[in-house]
Amino acid sequence: MKKLFTLMLMLIACIGIQAATPDKLYIVGQANVGIGNAGWVYTPASSGCMEMTKSGNKFTASVTLTGTAWFCFGEQDGSTWDDFNNNYSWRPSSNNFVPTEGTPVTMIHHGGNSFQLGKGEYTFTVDFSGSAPTFTLSGKQEEVVITGYSVLGAKELFGGNGWDTDVDMTETSTGVYTATISNVVLSKGDYDYKARANKDWGIAEYPAEGNNTL
């Protein structure tokens with residue numbers, strides 16, 4: 001009897017390490033570049049998110065991105081934004097983690113940060129057969145050619161809508177880009193700004209984290 005009891009405990013322990021497989025799983029993200037047709041929606045999920053195909057404990061989807069996309073995964077409608085948006089995602093020290101092809105990435109429930117990919121053809125696989133769900137990527141993004149740099153930030157510096165108003169930079173010497181802003185009158189205070197490539201945050205931004213402050 002003692003041996004049988006020990007065996008039962010071992011079986012219970014083994015069963016308990018598998019992540020619960022949801023009935024449905026959706027890719028939530030930016031519709032304008034290929035994630036569903038409505039973007040960051042959460043109720044109902046079926047109205048605009050991309051539903052994945054289920055087979056056993058795995059979900060797959062073929063995804064064509066026409067530009068840089070941020071995304072995560074959700075299993076159900078949520079009563080609030082966070083209920084759905086952060087259902088299954090990545091929790092690094094910073095947001096917008098770029099996964100490596102063929103390398104499973106462990107996800108957590110309510111991870112709080114999204115994944116990021118550039119333009120390309122991909123297959124997404126989410127596997128619930130282990131102790132935590134994993135996301136694996138196959139396919140490659142298209143090579144990005146940087147055609148220019150710009151600077152933008154506080155509207156007091158750049159006018160217009162501020163963070164939507166790019167000022168083109170000129171290569172004044174090899175690898176050195178500059179922009180001149182004239183006739184700016186500032187009140188005492190701090191003003192944020194940063195540079196980016198191809199006028200697209202998803203390609204490259206400088207600094208990579210946070211802003212420069214004047």
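**Sheet, salt bridges, surface**

I began with a residue pair: Thr53 stands opposite Thr60 in strand 4. A reminder to myself that this is a predicted model.

Next I followed the strands around that pair. Strand 3 and strand 4 (residues 58-65) run antiparallel and are joined by three bridges. They belong to an open sheet of five strands, in the order 3-4-10-11-7, with antiparallel pairing. Strand 3 (53-55) and strand 7 (105-106) are at the edges with a single partner strand each, so one side of each has no neighbour in the sheet.

Then I asked how many salt bridges the structure holds. I found three.

- Asp166 pairs with Arg196, with the closest N and O atoms 2.7 Å apart. Asp166 is in the loop between helix 3 (155-158) and strand 13 (167-168) and Arg196 is in strand 16 (residues 192-197), so the pair ties together parts 30 residues apart in sequence. I noted both Asp166 and Arg196 as buried.
- Asp168 pairs with Lys199 at 3.2 Å between the closest N and O atoms. Asp168 sits in strand 13 and Lys199 in the loop between strand 16 and strand 17 (205-206), 31 residues apart.
- Lys194 pairs with Glu205, the closest N and O atoms being 2.6 Å apart. Lys194 lies in strand 16 and Glu205 in strand 17, so this pair ties parts eleven residues apart in sequence.

Is Lys194 buried or exposed? I have Lys194 down as buried, at 4% relative accessibility, while Glu205 is partly exposed at 25%.

Last, I checked the surface. Ile181, Val184, Leu186 and Leu214 form a nonpolar patch with about 300 Å² of accessible area together. Leu214, in the segment after strand 18 (212-213), is exposed, with a relative accessible area of 51%.

Definitions and conventions
Residues numbered from 1 in each chain as written. Predicted model: local features only at pLDDT ≥ 70, side-chain atom pairs only at ≥ 80, totals over all residues. Heavy atoms only, no water. Pairing = 2+ DSSP bridges. Helix = DSSP H or I, 4+ residues; strand = E, 2+ residues; numbered from the N terminus. Patch = residues over 30% accessible without salt bridge, like charges linked within 9 Å, V, L, I, M, F, W, Y side chains within 5 Å. Areas by Shrake-Rupley, 256 points an atom, 1.4 Å probe, with all protein chains shown as cover. Salt bridge = Lys/Arg side-chain N within 4 Å of Asp/Glu carboxyl O. Buried < 20%, exposed > 50% of the residue type's maximum accessible area, 1.4 Å probe, protein only.
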